Amino acid sequence: MRVSYLLIAGLLLCSPLARGDPWNYELLLMPSAQAVGTFDRQAPVTEIVDQVVQVDTLFTIQHGAFKLFGEYLLSDHEGDLERFQLGWQASQDTVIWIGRYHQPTSVWNHDHHHGQYLQTSVSRPFLDEWEDLGGILPQHFTGFLIESAHKAFGNWRLRTAVGGGLAPIITPKGMEPFDLLHPDSEHHQVGFQARASLHPGEFTESGLGLLAATDELPTIGLAEPPLPGLDHVDLKLVGAFAIYAAAEWKILATWYYANTQLCSPISTVNGHFGVGYVEAERRLPHDLTAFLRWEGSADAGQSAYLKLFPMMVRQRNVGGLRWDFVERQALTVQLSDTNTLDGHFKDIRLQWSAAFL
Amino acid sequence: MERLVNSLRVRLIGVVLVILAALVPPLYLGVSAIVREGYAERFVNSLRGYSRLVADELEALDESDFDRHAVALLDSAVLSGQVVFAEIRDRSRTLHSSIATQSVNAPARDDFHFGDQGDQVYFITHTVNRGDHSVALRLGFDELPTLEQIAAAERHVLIAMAAFVAASIAVAVWLSWVIARPMVRLQEAAQRVASGDTHAQLNVGSSIREVQELNYHLERMRRELVGANEHLSREIREREVSEQKRLDLERRLLHRERIATIGTLAGGVAHEFNNIMTPILLYSQLVLDEVPAGDTLADYLRRVIAAAHRARSLVMRILTFSREMDSQQPTVFPLRVPVEEALALLREIVPTNIEIVLAAPDEPLPVLGDASLVHQVVINLCTNAYEAMRRSGGRLTVTLAAVENPDEPQLRAGLYYVLQVSDTGHGMDQTVLAHIFEPFFTTRMVGEGTGLGLSVVHGIVSSMGGVITVRSTVGSGTTFSVYLPAATAQAPAQAPATAAGAGA
Amino acid sequence: MRRLLTLILILCLVAPARPASQAVVLVVRADSPVSEMDSVTVRKLFLGLPVLVNGRPLHPLRNRSDPLLDEIFFQQIVAMSQSSYDRQILIGVNRQGWLRPVEYSREADVAAALTADPNAVSYMWQRDVGHNPGIRVIRVLWSD
């Protein structure tokens, strides 16, 4: 039976526990459209795969301490139920989810998810790219997620998130997460993630954090795997992040160290690589925000694992300007200079994004 | 003034100025409002968050030594740089910051918008729970730095707008020049064409597509105009030539008709006259036969008979003039033969003070016609020549030659043989030359000539498809040139000549 | 002199009467489990963060019956500008499916919603509370 139906049924079954509480709902639409132009290509594989037009729809149905929360993304090349979670507000600071979620070790995706309007730049750091857009790390899991916040010391708060669920598989098309609408759990294996961060206040974005994840990613149907007979990949991640957000400045940085083990029935290939980014944003007068981002990697060229992802960005410089010209609408222009594993290109993007409540 | 206003450049610049005048002021006002709103929003957001933090701190303060901690909190707020007024009202008492701040008159009510109440200080009050009672934390935030930032930003906007306007005007001027210049050049070129210089090419070399197309079509029009002009000119010339030819032909036709009429008349009279002369000659001869020789009467009769013969001869000549020249079937004969025969005869009767010279090539010079008529022509022309030199003597030159495409307008292209008879006599003036081929025209005394000789020559030559011309200089002599088409190749078609005596 | 006094009296009557000291109070249903709430919790509640009492989430109601109440809401309760508040709401909805406070544009609707839900929390002018026994004041949020 489809997981989505299970979750809806779950909400209904839990509703007696919330007797006396009203049903509340919320709907948020975040449309965006962008124009992309590439130039100065110097490689065989320099295509940009990206949504040109998309609408990110978020909906919440809450009854007491239970809520059903989903995110549906409709774009020019896909329509996908990106998140679908049944949540229970176990305490004021803790919520337990089951369903399909974005893994918490991705700082960027945990903050912005699929909504373009809420992120300053047009494109996200490549290490956080979605699986169907050539991403190298699993982002969508189907299982459980526990998020909580605790008082640490003084005004400092400790926020944690722990998740576990079905990880994506690796196919010739790239990484493919478990699809709620067309479920096929035959090949998917379980992965786990954990995140812990300290923040100087209740309502501030600033903070420092540690990240860890372990995944087993089966490989299916690869024509020319880097290891003959490749069966699955064991991926272990550790990372750290820091965010500084003050009145006009926001600086965020993330770094992962990935340990990979490519496994076939008869052999394994070990490898590792590092990947990360630093982004600085500055709010300027006239509702302008300038941003600059550096993305880099270490040992990416030697990684057998990364050979599975031809769009892997080895290094990229991004810069641009966002203008919030009216309430809840923004225009962003972004320039990128991208080096992939075997090529190079530049691109310019112009994006309109909005949020409608 | 109207001319200036209607010029393309002025209009283009005018349109740009009107658009700028319509758009720039509301744009400046709009942008200024956005700028002001942006700065105000940031200011308000910042102070609300900060004051909330201070209020939360105050709420969390322990009751013991509250006053000291509260004043310290107020001091830290003032030291943050944004706060110019800080007080806590607790029931009936008021606590102030120990750091001296500028004198500020706190108004009765709070501000909720930037710039409220016009005092350049944003007042905000937080009600803080203190166990069993509430205290009011009132802070005043200095709006002046933000106001200065807004003013600076508005100045920048104004400068940017001014720069934009200046740049727009400069671009408009340049653009109008770029657009108008090829139009002006086209206009000048068109003026030159209109004033007659149709060969002045229209080529302005512009990169603007519409101007290029206009240039191309105007140039096409010019070429068609030039072509039409030339065509018209050619037609006019051809018509003039045709008209001239028509007039010429009319004149010739008239001449021929007159000659034909005269010929017909003369022919009729001559024929009758010939009939009358026959019995006169006959009976005079009979009487002479009866009269003894040596008798005075015989002498008289001989004179009568001679006169009658002369009269008959004249009649024959008139009949020859009036008769159609095709009485004998034309044959090809060498031109030289009748010429030599005629000259031989002339040498017998021409006085010795006149030298006769023949210059002819050895070729036969075949022509199509009647040899006897050519003989007649030579006799008549030489007779006139020797009459002109009778008293003074001179030289009579007869020339035969072949001429290819003679330079005579009446003659078609082809091979002709020219018979020239030149004398060194007294010559003729233009008045005489104009009439010499007319029948009965003569410069001699009555009885000395009939005036038909050259008419006959003209008729004979015309009937043979030829042309006779004359050149004469008074006191020097006269040259008659007879052009006869050669019979060697296909005989060229007969020129439109008037045959002498061609009337019915 | 009499005319001057009469004129002053008329002006005083005609001029808008300065209201008596006014206050905005945080209110719940009379039998609500909520007895007190600090300013941080109030802020969290109206920013959409989950606030639980006895294991049940509280339901914030936003009173938009008076433009001044809106200003006090931004200035005193959430302590941020309207655009910052909008962004915070968007972030919360996007990240964890938080709900915006339900909004009411009439005083009567706020009171009705409060009295219908034991876990509802809202705010209103203190003068409007006085004649409604079904509503209880938690704390004073602002007074002039």
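**A loop residue and its surroundings**

Author: Leu365(B) sits in the loop between β6 and β7 (366-369) of chain B, where helices (H or I, at least four residues) and strands (E, at least two) are DSSP runs numbered from the N terminus. The model is predicted, so local features need pLDDT of at least 70 and side-chain atom pairs count only at pLDDT 80 or more, while totals for chains, interfaces and linings use all residues. Residues are numbered from 1 along each chain as its sequence is written, and chains are lettered from A and ligands numbered from 1 in the order in which they are written.

The phi of Leu365(B) is near 55 degrees, a positive value in a residue other than glycine. Leu365(B) is buried, with 25 other C-beta atoms within 10 Å; a residue is called buried if 20 or more other C-beta atoms, placed from the backbone, lie within 10 Å of its own, exposed if 12 or fewer, and partly exposed in between. Arg91(B) likewise has a positive phi near 55 degrees without being glycine, and its place is the loop between β1 (83-90) and β2 (93-96) of chain B. Arg91(B), however, is exposed, with 10 other C-beta atoms within 10 Å.

In chain B, five strands form an open sheet of mixed pairing, in the order β6-β8-β9-β11-β10, two strands being paired if DSSP finds at least two bridges between them. Because β6 (354-359) and β10 (467-473) of chain B stand at the edges with a single partner strand each, one side of each is left without a neighbour in the sheet. On average, neighbouring strands of this sheet are turned by 15 degrees against each other, direction ignored; such angles are taken between N-to-C directions and run from 0 to 180 degrees, with axes as lines fitted to C-alpha atoms, for helices over the stretch in contact. Within the sheet, strand β8 (residues 394-404) and strand β9 (residues 415-423) of chain B run antiparallel and are joined by nine bridges, and Leu396(B) has Asp423(B) in β9(B) as its bridge partner.

Chain B also touches chain A, in a contact that takes six residues from chain B and four residues from chain A, where two residues are in contact if their C-beta atoms, placed from the backbone, lie within 7 Å. On the side of chain B that touches chain A, helix α2 (residues 8-60) of chain B gives the most, with five residues.

After α2(C) comes Gly48(C), whose phi is positive, near 95 degrees. Chain C as a whole comes to six helices and seven strands, and buried residues make up 40% of its 144 residues.
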